[in-house]
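Let's take a friendly walk through this model together. Have the sequence and the 3D view ready as you read.

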Amino acid sequence: MSMLGTAVIRKEDPALLTEGGRYVDDIVATDAVHAAFVRSPVAHGLIESIDTGDAVGMPGVIGVFTAADLDLQAEPPGMPMFNQTMLRTRLATDRVRFVGEPVAVVVAETHAQAVDAVEAVWADIEPLDAVISVHDALRDETLLFPDAGTNTITQLPGSGDDVFADCDVTVELSFRNQRLAPVPLESRAAVARWDTVDGIDHLTQWSENQGAHGTRDGLMGALGLEKDQVRVITPDVGGGFGAKNGNYPEDIVVAMAARKLDQPVRWVETRSESMLGLVHGRGQEITAKIGGTRDGRVTGFRSHVVQDAGAYAEIGSVLPMFARNLATGPYDIANVDVSTVSTVTNTVPIGAYRGAGRPEAAQIVERMMDAFSAEIGMDPAEVRRKNYVAPDAFPYTNAMGTTMDSGQYEGALDGVLAQIDYAELRADQARRREDPNAKLLGLGWSSYIEITNPVASPDFGSV
């Protein structure tokens, strides 16, 4: 079903389920040589030297390249609100910041030869203390980017207003939205080929990603090309859900290596590499407080979100903005205060995965609605009913300035209650609690809203 409730006819399913997909690794390029990456074995350390001498002379090896060999430059984060002194080079130069970070690339005639040569590259790395938790990161005792003077990427302060002045009861919790690994069915892959047309270089890159146009634009910027010089071909993706969005360092390096060698270069990520280098999702530490009247009306809400962004300031650093924009979910809460901070740690960078910030925002307010319901002894479904934005209030702008265009939340609630026979479920739950031999029955609630028009307004659009 689509988000509008209409049937979606998927034409690709029969072939995927019977014949199988056609992925980048299936593309025949008989003249393509194979790339494999040398990766950091430590989470944090200073690179003293990278010795490629032994690898260069191994059977089948065509080239071994470090950042200096490919003239890679340190670049600031792509979003201007991020700390612009937190520079990254697509192959690590002065230090490594997470296990699996690429530091060099080997190109050989076969994949096996490239992998063997990777083992012969010696990266002399002096280990440093690793910053794993966001709480350690915020103390700034060990800095991932010494020139920045802080581990904080970006932050949005709260108002500091007393949003609980008229509350009969309040509840405060601290909890986590843990990191997760996307683990797509097919790992990443790229094949890069250069051609010269009328004296002008043109790049064709096959890439297992979610957006050919965004990948093209990233290659253009990194390689100094015009739009008509880059063609990106995306066959079947094999799962992504945000994790295969945009360009990774490996995509750029493969294209650069192919240009330097004047030969097509192929790279297919191993499953182990995918667990080390593919972005993770979520990764938030939350402190929240909710308050209201004992008859079930919520009047005050506050949350503080600390985002573990991983080793570099990627798209994951901006996800807490949704905790602000969607702080109240589908509820009419008058007094709200939200603050956020994103920080680097010596872990895999966080990316956009499966809702990218919206599920995290929903978890916060829904967890607190349940806690409030338990505190006042009222059924959580009824507490939600009392606090939903009324149908005649739309268009509705919440306390954080986000405009919600329409909704029939209570009607949706009633439909769910009828569908699952909620009264009987609650009765069954009560009976089980009285029977010491019965398995307990847990019932959970979540109301989720989604952004439908990301270009409607500066606050990420209409809801």
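Which residue takes a positive phi just after α9? Gly 377 does, with a phi of about 70°. This is a predicted model, where local features need pLDDT of at least 70, side-chain atom pairs count only at pLDDT 80 or more, and totals for chains, interfaces and linings use all residues. Residues are numbered from 1 along each chain as its sequence is written, and side-chain values use heavy atoms, without hydrogens and water.

Helices (H or I, at least four residues) and strands (E, at least two) are DSSP runs, numbered from the N terminus. Helix α9 has 19 residues, which should span 27 Å at 1.5 Å a residue, and its end C-alpha atoms are 27 Å apart, so the two agree. The expected span is 1.5 Å times one less than the number of residues.

A nonpolar core is a set of buried Ala, Val, Leu, Ile, Met, Phe, Trp, Tyr and Cys residues joined through side-chain atoms within 4.5 Å. The largest one has 39 residues, and Phe 301 and Tyr 409 are among those touching the most other members. Helix α9 gives the most to this core, with 8 residues. A second, separate core of 29 residues includes Leu 219 and Val 230.

How values were computed
Buried < 20%, exposed > 50% of the residue type's maximum accessible area, 1.4 Å probe, protein only.
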